[in-house]
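Subject: Structure for your files

Dear colleague,

Here is the structure I said I would pass on. My notes on the sheet follow below it.

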Amino acid sequence: MFNFKKLHIVKYTLTLLFASVILTGCEKVVDVDLEEGEKLLVVDAWLTNQDKPQVVRLTESAPYFSNVPAPVISSAQVKVKDLTNLKEYVFSYAGDGNYVFTPSVLDTFGIVNHSYQLVVDYDGDSYVANSFLNRTTLVDTIEYEFREESIGVKEGYFAFFVGQDSIGKQDFYWVRTYRNNSFLNKPGQINVCVDGSFGSEGNNGSDGIYFIPPIAQGINDSDDPYQLGDSLRVEIHSLTAGSYFYITQMQGQLTNGGLFAITPENLTTNIVKKTSATSLKAVGWFNMAAVHSKGVRIQ
């Protein structure tokens, strides 16, 4: 009689041997010679109406596989114009690619419902970007509770904030969280919303609502809960519609992967080159934000 059990064992053994040959063959390292691509001016200009130094950072793009920091730009002229009241604010170079303007008590930098223009002059070219400073809303309270360790969750304190979207028009917000004065900036911690929810431009169905739980609870690091003595600060920054979609596109690229990964794409930009003395193009973004913040200490 034919032994089906032995046949099954033989087939299983051959399958394992075949798989081991395939996997062993995959160990060969293939070096791919990629073109570096053209250099770009990279503009990072997320400015606010907060009474603290405002920073515009300028660098040049670096090759994708480069292990060194992007080259900084130290010889540009940077200013921001208030197009509504025709005031101009000059930013001074402070090192490491950072251009800084520190508002004084007499300055009116960052007024809600004013239009602003960023101007960067570099290497004979001029680059501009425009932003409107939208209103923000309030962080009413910050609450937290202790949770014991459970499957996949460490022991610690988990927080949420209470706030309500401003009524009357569609608003775009960036909820930024600081733990012990360190910004929680992992890709999964980017916390943006339309009104108080997840929506789209032109859909006002969530106007005036309280921030929904995924937004209100998005101020936690699930891998590292708050502990006694930690400080927590929540800031709600206003965005333009363009800034909101830029951030969501950036987050999509940073978290892109797995079975349902999409084709990578270049991020959009609102930096426009106005002259053509050089071939250096620009990428990056400029946004003016109104900010409200509130903080607590876990105790």
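For what follows, two strands are taken to pair if DSSP finds at least two bridges between them. The model is a predicted one.

With that definition, nine strands make up an open sheet of mixed pairing, in the order β14-β7-β6-β3-β4-β5-β2-β1-β15. At the edges are β14 (272–273) and β15 (281–289), each of which pairs on one side only.

I looked at the β15 end next. Strand β1, residues 40–48, pairs with β15 in the parallel sense, over nine bridges. Within this pair, alanine 45 has phenylalanine 286 of β15 as its bridge partner. Helix α3 (residues 241–254) lies across β1 and β15 and runs at about 120° to β15.

Further into the order comes β5. Strand β5 (residues 98–101) is joined to strand β2 (residues 54–60) by four bridges, in the antiparallel sense. Here glutamine 54 is placed opposite phenylalanine 101 of β5.

What is the sense of the pairing between β4 and β5? Strand β4 (residues 87–93) and β5 are antiparallel, with two bridges. Serine 92 has valine 100 in β5 as its bridge partner. The two strands, β4 and β5, form a hairpin with four residues between them. In the turn, glycine 95 has a positive phi of about 100°.

When you look at side chains along these strands, keep in mind that in a regular strand they alternate between the two faces of the sheet.

Regards

Technical notes
Residues numbered from 1 in each chain as written. Predicted model: local features only at pLDDT ≥ 70, side-chain atom pairs only at ≥ 80, totals over all residues. Heavy atoms only, no water. Contact = heavy atoms within 4.5 Å. Axes fitted to C-alpha atoms, helices over the stretch in contact; angles between N-to-C directions.
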